[in-house]
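Dear colleague,

Here is the structure that I promised to hand over, with the sequence alongside. My notes on a few of its helices and residues follow below.

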Amino acid sequence: MTIQGKRGRPSRRVRLEEIAARCGVSVSTASRALSGVGGVKDELRAAIIETAKSMNYAIPASVAGRKVILAASSVAMVDSARSQFTYHVLDGLNERARLLGVELVTRPVAAPEDEIALLRESERDDRVAGCLFLTLDDADVLTLTAGFSKPIVLVNGDDPSMRHSSVTPCNRSAAMLAAQHLIGLGHRRILFLMRRGRRTIERRYEGWRDALMAGGIAGFDDLVVEVEDWLPELASKAVTGRIADRGLDFTAVLTAGDSLAFGAIAGIQEAGYSVPADVSVVGMDDLPQAAFCNPPLTAMHIPMREIGSAALSLLLDDLAHSTLPPRRVELACRLVVRQSTAPALAGAERHHPSP
């Protein structure tokens, strides 16, 4: 909100820093007091709120005691049950909800009618602050949200039309950095192992492709290997099948997820080769078990817990400031180097199939 100056002219917006200074507290304390987060004494919270009101500051709507509906796809539910990516996203989301005093209600969405029922329920219930869509971002799903009056934030997904705010890791640049690590070790025949079907994974494919093109590596279309699920055994089978059909025509593997990397290592070893002496392997996720496989897996660390936490914060921002446009938030990722990568062997090109 703005403060009316002389002659009714609006003056600048009041900043949180000014309220904090007026009350003699830190900016973080003022923010917690105004957003209803714990850790601030009641008397101090009341004083900060009164100061904010007197300065015409737009106080965020309190969310304590309210509900947030978590609409989760079948893919997300399965992934969580396997203790993979989604499991850790939910861990961060639940911790943030507990801190804010928000009740998180999970609703599985397997069909359009599930989504319609969920949206109708959320519209009718005044306690529902908004919805989080977990791994739900295909065109049909987003079309059904038209006209929904409460905030929706996509978790580990994005909306190409920017109708809703979203939080994802920086999938494209993360995969590019992972591939560049392998290129820096002298690898040029880098297999990309993936399961298609979601834009987030396509971004990882694009990052792998970006790195190869920037490195002057051509003829890489035959280096994409697809599997039908994220199960390590399917990745292992795909890799052993590739080697049986074509020989060892690659020196490295980048996978779209750690579970596929675990399977790739097993498949390479089953075919009689060594990781990383013959083939280097890099995963994406950096699941806790990555450090304990044999050999320990080099992986791009995806801030999974932070994705969940950031999604809830984004929803609360939308709730408090209804005029904010939808935002796409991408969280930075970093490479964790372990023992599954090594310099490419001199003369590794001899394994390439004849044209």
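The 13 residues of α6 should span 18 Å at 1.5 Å a residue, and the end C-alpha atoms of α6 are 19 Å apart, which agrees; the expected span is 1.5 Å times one less than the number of residues, and helices (H or I, at least four residues) and strands (E, at least two) are DSSP runs numbered from the N terminus. Please bear in mind that this is a predicted model, in which local features need pLDDT of at least 70, side-chain atom pairs count only at pLDDT 80 or more, and totals for chains, interfaces and linings use all residues. Residues are numbered from 1 along each chain as its sequence is written, and side-chain values use heavy atoms, with hydrogens and water left out.

Within α6, the buried residues are E115, L118, L119 and S122, where buried means under 20% relative accessible area, exposed over 50% and partly exposed in between (1.4 Å probe, protein chains only). Seen down the axis of α6, these buried residues fall within an arc of 95°, so they line one face of the helix; the arc is that of the directions from the helix axis to the C-beta atoms. E113, R120 and R124, on the other side of α6, are exposed. The buried residues of α6 pack against β3 (67-73), β4 (103-109), β5 (128-134), α7 (139-143) and β6 (152-155), contact being heavy atoms within 4.5 Å. S122, for its part, counts as buried at 0% relative accessibility and, not counting residues up to four places away in sequence, touches I69, V128, C131, F148 and K150.

Helix α8 (residues 171-184) can be read in a similar way. Its buried residues are N171, A174, A175, A178, A179, H181 and L182, and they cover an arc of only 145° around the axis, which puts them on the same side of α8. After α8 comes G186, whose phi is positive, near 95°.

Finally, W230 lies in the loop between β9 (224-226) and α10 (232-246), and at 15% relative accessibility W230 counts as buried. Leaving aside neighbours within four places in sequence, W230 is in contact with R82, Q84, R195, I201, A256, G257, S259 and L260. W230 and G263, although 33 residues apart in sequence, are 9.5 Å apart in space, C-alpha to C-alpha.
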